[in-house]
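This briefing goes through a structure chain by chain. Please look at the model first, then read the points below.

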Amino acid sequence: MIPYEYIFYLTSILFVIAIFGILMRKNLINFIISIEIIINAALINFAAGSYYFGYLNGVSYALLILVVAVFEAAVAIALVIFYHRITNSLDMSSLKEYRG
Amino acid sequence: MIYLILLPMLVSMILIAFIKDRLLKSHWIAVSMAFLSLVISSVFFYLYLSKNVVENFNWFNIGSYAFQISFIANNLHLLMAVVVSLISLLILIFSIFYMKKEKQERYYFEMSLFISAMLGLVISNSFILFYVFWELMSISSYLLISFWYERETASNAAKKALILTKIGDISLLAGIIILFANTGTLSISATISNLSTIPQGYLVAAAALFIIAALSKSAQFPFYVWLPDAMEAPTTVSALLHSATMVASGVFLLIIISPLIYASGTLIYILPISLITIFVSSFLALDSVDTKRILAYSTIDSLAFMFLAVATLNPNGALFYLIMHAVFKSLLFLLAGELLILFGTRNIFKLRGYGIKKPIFYVPAFIGLSSLAGIPPFLGFFAHAALSYNFSASLEAIFVIATFLTSLFSFRLFFTVYHEDKTEKIREDKSAIIPIATLSMLSVIGGFSLFFFNSIIPINYSFDLFLVLDSIIALLGLFAAYYLYSNRDASYAKLDKKLKSIFGRLTYDGALSASGIAVTKFGGLVDKFEGLLGKAFDKISSLSFDLSYVSRELQSGDLSNYVVIFIVGVIIVMALMLAGV
Amino acid sequence: MIDLIYLILPEIVGIALLYLKNAFHSNLSSKTVSYGAMAVTLVILFLGIIFGFDGFNLMISKAIDFSVSFNLNGISLPFLFLAVLLPILVLPSYKYDIADRDLTFNALLLVIYVSLIAVFMSSNLLSLFMFMEISLLSAFFAIFLWGGDGSFNSAMKFLIFTQISSMLILTSFLMAFLYTGSFSLSSIASLLHGANSMYLSIMLLLIIIAAIIKFPVFPLHVWMPGAYYDSATSITAMLSGLFSKLGGYVLLLFIVFLTPNAVGYFSMPVMVLAAISAFYAAFVALSKKDLKLMFSYSSMLYMSLALMGMMSNNPIGIEGSIFLMVSYGFISPLAFVLTGYLKSQAGTTDMTKVGGLMKKLPVFALFFFIAIFASIGVPGFSNFIGEFLVFLGAFKFYPLLIISIVSMLIATGYYLSSIKMVLFEKFLGPVRKLRDLNGSELIQAGVFSLVIIILGILPYILLNSINLGAV
């Protein structure tokens, strides 16, 4: 068996890359992809944990997260498509309506 | 019932205020009410002769303290009431002639206000009531001095008078508060009988404050500058207020609380002040060329004599002089007023030019001025007798010099104005003649009442050598004035110019207005500080606005910004949780 | 026998009428509704004085003891008299500078009226606070909406300062609640005796600071010149006539009923501060050339004297300060009303630009004299009694404080200067025809003067209604 630490490092690195993606990327689609990566990193962690510690809880959490992530991705993409239709841009910095 | 004495003048005030002049002429209301108050005062005087009646009314209560109004009727007070009513009546009659051309309602209203205040003052036995009337007299004096308010000199004079007498008013109020706090009663008679219960320190303070009040109201040093300027008022006002009654109320105050003054040991301070006043006012009278101004300085001079009497433990002598002074001084002012109306000027040299040496003018003037100088057998001589009873030898010597000066400036006035006869017959108005004639007669025969006065008020007098010397010196002054001022040539003009150069500096008007300006400048400084204070608080409040501008940046509306903050926040919270907080 | 709630009902009906009349398209003018509501209240007040008042109690929340309860305490009657009588006398002046928004003005005025009356009647501290806040908030709008230039800044300063003082008052009330478990005035008064004296002193200190802000008294008075100067005439009259008494009323409640034993610690410093503030205000007023500002600082002078009397720890000073506050509560509005009238006639309140008005406007001159002489403390007018009692009370506490009497001399100085500049000497005014006081203005000034004179001659009317023992 692979030691648990390796999986943990994998998910951590994925998580940090995804955070980097959220903070630094200008494109909305990149933003959504980064969010997906974060979610998937957490999901892997849950599944691995359940395998290594013998509880099935992790797997059920992972399945739950998977489903919710799908829905969330769908809603996010829909919003981005509508936003693109209106403003014709996928730039995060143009989302300034609530300045105040 | 004693308050009935001042009731007629109050009624006069109300009637004049609310009844139109067309229906009932205000001067008839005033004169008839003054007559009524004279009758009532005389009746009370007769009824309460040799008795001492006090009437108390409850004004208001606070807790266990009762603030009462009380009136007193005894010889002293009722005598003053009679004198005040009589003189007021005569002056009001004269006003019919004098104020013929003016809008009269305001004049008679303010005169009625004044006369009720003065009458109330002389019969009041309660400190707070005394103060009420004292202050009302200041106010009516202000209103009357500013009667011709369009003249800048008049409005300035009124303001000066009120501020200077207000200093006295404040001192009086402070003294009353000190006494009330220590004795728990507002009654003058009760306070006098309980003097021993007041600690010496407060007694001295109260006495000093009362003396300051009297000095200010009676125009003594250092407050005398308001009186000469108060001559801006109509002459009848000057006759009533500024010679016979209001300025005498300062002396009256000292007379009725004389036991307090004597017990407090502040007496010795009055002497130097009065002496300075006498000499300053005499020199300034020699320097003036306006009839009313000369008379004003003579009033200050006479009042200083009264203060001297009080200072030598002779309050009843001061009272006698006060009453006599009221008679001849008002006579002199009425004469000055008559000349003003008939010839339109107060300047003694211009009047000289009119040549008015007619008996109808100079006889009353001679009577009045002789009384002022102290020449027998007129009023002044007997008044000096009563006044100087307790004088020490050195004081008598100084008094003789003062008499000489008084006589000098009085007859300077006489001989300058009544020099020669150039005019034709002048028709005299009845309402002008009656008061003058009455007062002249009183001046002639009134002095002899000194012998009968003892039954009313104990007065000591002695016709000793000093008095003879005094009257000789007075006559000397008369002749000196005749020599100096009666000649045609310009010798008097030279003398006057010399005097003016020496004594012009004695009216410290410059210092007074400078101090007024200094106070205003200080007010300006405080105002600047106020402005700075306001700006300082504005800065503090603008600080909060700046703070809000900074925190506004957090709401940038920028999604990436929000995400950064969100992630940073999550990390912080996780770190805190892991650290076990 | 007359329930105290009836003092409030007419105004609420009035406010409702104001907003409903548009719905019913009636021709009723807003002014008539206000007059009507205030007049009815006045009548009810007099009926109540004759027949006696009943308490009113409406429990809103038992848990925090919040109930709207009205009950007269020993000192409320003079203030109630002022609060009911003053606004109706001030109302005719609004035509000077309220050009528009008639309805809003009258509604706001009725709201202020209701809340002020309720403050002086409240026997529950929390309801007192609530009504006070309502009145202050309405005052903010009143200053801002009809003021001149700079009225927003002045209104904001007013709001911020008085809100700070309200916070202090609320803190003190909460301290009382925490110790006694109740907000009711009578129960707090009886229960608070057992408290630690440090606790009581802190409560009193908070209220003293709040009162210093509200009166106003030096050094926290900086909101006053702006707020008084930039508001409309009738609003300034209300501010100086009623709002300045709110701080004094709450302070009096504490001094007389709630924390009487703690007063002694603060008497000396506060009285010295009050004396300094009196002189400060007098000197600033001396240098002002604008009539409205002069009267504003004069108002501050007399409020400082009232504070001095309040803290003198003896009944003479306390009753004297109540009398002074009520008496000046009538004199000051008269002065401001006359100033407003002058502004409407001459176009300015600057004293150096007008002159010689005594000849042209004799009736105005008469009332101007009355206002000034009443202020100075001429006997026969009410201020004399108040000043006399306050100085007496101060002297009884500490003799040297009598020096504050010199502030009266300075006051005489600037008042006489103002008479000289406005009434005497040459006529400098505008060329157009000047209209003397007439109609409603005459009645207004006349009633003011009548009240001032009656209170001056028969002070026991007011003094007998004060009972320093009863809560």
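The cover over the buried residues of H1(B) includes helix H2 (26-47) and helix H4 (104-123) of chain B. A residue is buried if 20 or more other C-beta atoms lie within 10 Å of its own, exposed if 12 or fewer, and partly exposed in between, with C-beta atoms placed from the backbone. Helices (H or I, at least four residues) and strands (E, at least two) are DSSP runs, numbered from the N terminus. The model is predicted: local features need pLDDT of at least 70, side-chain atom pairs count only at pLDDT 80 or more, and totals for chains, interfaces and linings use all residues. Residues are numbered from 1 along each chain as its sequence is written, and chains are lettered from A and ligands numbered from 1 in the order in which they are written.

**Helix H1 of chain B**

- Pro8(B), Met9(B), Ser12(B), Met13(B) and Ile16(B) are the buried residues of H1(B). Down the helix axis they fall within an arc of 145° (taken from the directions from the axis to the C-beta atoms), so they line one face of H1(B).
- Ile14(B) and Phe18(B) are exposed, on the face of H1(B) turned away from its buried side.

**Helix H24 of chain B**

- The 20 residues of helix H24 (residues 559-578) of chain B should span 28 Å at 1.5 Å a residue, and the end C-alpha atoms are 28 Å apart, which agrees.
- The number of buried residues in H24(B) is zero, so this helix lies largely in the open.

**Chain B as a whole**

- Chain B has 24 helices and two strands. Its radius of gyration (taken over C-alpha atoms) is 31 Å, well over the 25 Å from the globule rule (2.2 Å times the number of residues to the power 0.38) for 581 residues, so chain B is more spread out than a compact globule.
- The C-alpha trace of chain B spans about 120 × 60 × 60 Å along its principal axes.
- Of the 581 residues in chain B, 51% are buried.
- Chain B is divided into domain 1 (1-250), domain 2 (266-502) and domain 3 (514-578), with bounds from an automatic or database domain assignment. The C-alpha centres of domain 1 and domain 3 of chain B lie 60 Å apart.

**Chain C as a whole**

- Chain C has 19 helices and four strands. Its radius of gyration is 21 Å, close to the 23 Å that the globule rule gives for 471 residues, so chain C is as compact as a globular protein of that length.
- The C-alpha trace of chain C spans about 70 × 65 × 40 Å along its principal axes.
- Buried residues make up 61% of the 471 residues of chain C.

**Contact between chains B and C**

- The contact involves 37 residues from chain B and 36 residues from chain C, where two residues are in contact if their C-beta atoms, placed from the backbone, lie within 7 Å.
- On the side of chain B that touches chain C, H6(B) gives the most, with 14 residues.

Technical notes. Expected span 1.5 Å × (residues − 1).
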